[in-house]
Amino acid sequence: MSVDGPGPQPFADRIALVTGGSKGIGAGIARRLAALGADVAVTYMRDRDTADRTVEELKGLGARACARRAFFGDPRGDVPAKVVDWVTAELGPPTLLVSNAGTGVERSLMDTRRSHWDWAVETHARSMLRLVQAAPELRSVLAVSSLGAQRVLPHAYGMLAASKAAQESLVRYLAVELAPRCRVNAVTPGLVDTDAARGFGRHTELFDAALARTPSRRLVRPDDVGTLAAFLLSDEAEMITGQTVVIDGGYSILM
Ligand SMILES: NC(=O)c1ccc[n+]([C@@H]2O[C@H](COP(=O)([O-])OP(=O)(O)OC[C@H]3O[C@@H](n4cnc5c(N)ncnc54)[C@H](OP(=O)(O)O)[C@@H]3O)[C@@H](O)[C@H]2O)c1
């Protein structure tokens, strides 16, 4: 699928909601969907300027696009339902969902309090479920997971990893419960140079170590994830559901 010029538009009648689509991996996915014909709503948490720039970029690709602030880490509020109502009012009912919002906070499990746990599980797992519950016209859902969901990463990632593991499990159960109306999959990128990844302590060392270990000899870029995401969300992937697909240049297959 080419994104240069007026190529095929497989998402011409689709309305996509990309949580955390203002920057980083989410923006890479939003750009790809817009280039392939989707109208795209993105959310952000704090950085409105970047979200506004991303909306202009998406419009430049020919999409109708909009952005809204949304914090997905509060288990008590009704943010997911409000976000779906907003997309419906701005663009129409969402038919594609990318549950991507999240971050990379380091915290030792021994220092984890209940509020941290609630925030992580709500942001990475339960908000996806609540968005799906609020959006009955969804045809395809994609979660952005992490290698930490199934492996132990070399920094204090346990709390986030457990929440990502919950998200991956939800992907499998939702895939069965929603079939055949809606497919549900996950992508697991290797290390991507984003604001969240730069938030890790010693991130330069982390990037160097990841690069040295990656057979493809470069780190994954947001647009790489966008290409995979667009395929998994498209009708061409009709028989793929409940899967978690790794995109890491071979990083995780080595001993
Ligand atoms: N970077 C990596 O190496 C990597 C690898 C594997 C998986 N991932 C996953 O990919 C996803 C995107 O990460 P990224 O690296 O692209 O990060 P990023 O560039 O920092 O973007 C994160 C996006 O999510 C928003 N956000 C963060 N926490 C949120 C919350 N609690 N509620 C609502 N919105 C929130 C941010 O908003 P503001 O910036 O406006 O605050 C931003 O729009 C995350 O789920 C992350 O775990 C990242």
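Q: How many strands does the open sheet have, and in which order do they lie?
A: Two strands count as paired if DSSP finds at least two bridges between them, and strands (E, at least two residues) as well as helices (H or I, at least four) are DSSP runs numbered from the N terminus. In this predicted model, where local features need pLDDT of at least 70, side-chain atom pairs count only at pLDDT 80 or more, and totals for chains, interfaces and linings use all residues, the open sheet has seven strands in the order β3-β2-β1-β4-β5-β6-β7, with parallel pairing. Residues are numbered from 1 along each chain as its sequence is written. The edge strands, each pairing on one side only, are β3 (65-69) and β7 (244-247).

Q: Over how many bridges does β1 pair with β2, and over how many with β4?
A: β1 and β2 pair in the parallel sense over four bridges, with isoleucine 15 opposite aspartate 39 in β2. On the pairing with β4, β1 is again parallel, over three bridges, and leucine 17 stands opposite leucine 97. Further along, β2 (residues 39-44) and β3 are joined by five parallel bridges, where alanine 41 has cysteine 66 as its bridge partner.

Q: Are the residues on the two faces of β1 buried or exposed?
A: In a regular strand the side chains alternate between the two faces of the sheet. A residue is buried if 20 or more other C-beta atoms, placed from the backbone, lie within 10 Å of its own, exposed if 12 or fewer, and partly exposed in between. In β1 (residues 15-18), Ile15 and Leu17 on one side and Ala16 and Val18 on the other are all buried, and both faces of the strand are covered.

Q: Why does serine 216 count as partly exposed?
A: Serine 216 counts as partly exposed because it has 13 C-beta neighbours inside 10 Å. This serine 216 is found in the loop between α7 (203-213) and α8, and its C-alpha atom is separated by 6.6 Å from that of glycine 250, although the two are 34 residues apart along the chain.

Q: Which residues are closest to the ligand, and which elements give two or more residues to its shell?
A: A residue is near a molecule if its C-beta atom, placed from the backbone, lies within 6 Å of it. Here 29 residues surround the ligand, and the closest are Gly20, Gly24, Met45, Gly102 and Ala196. The elements giving two or more residues to the shell are α1 (24-35) and α6 (195-198).
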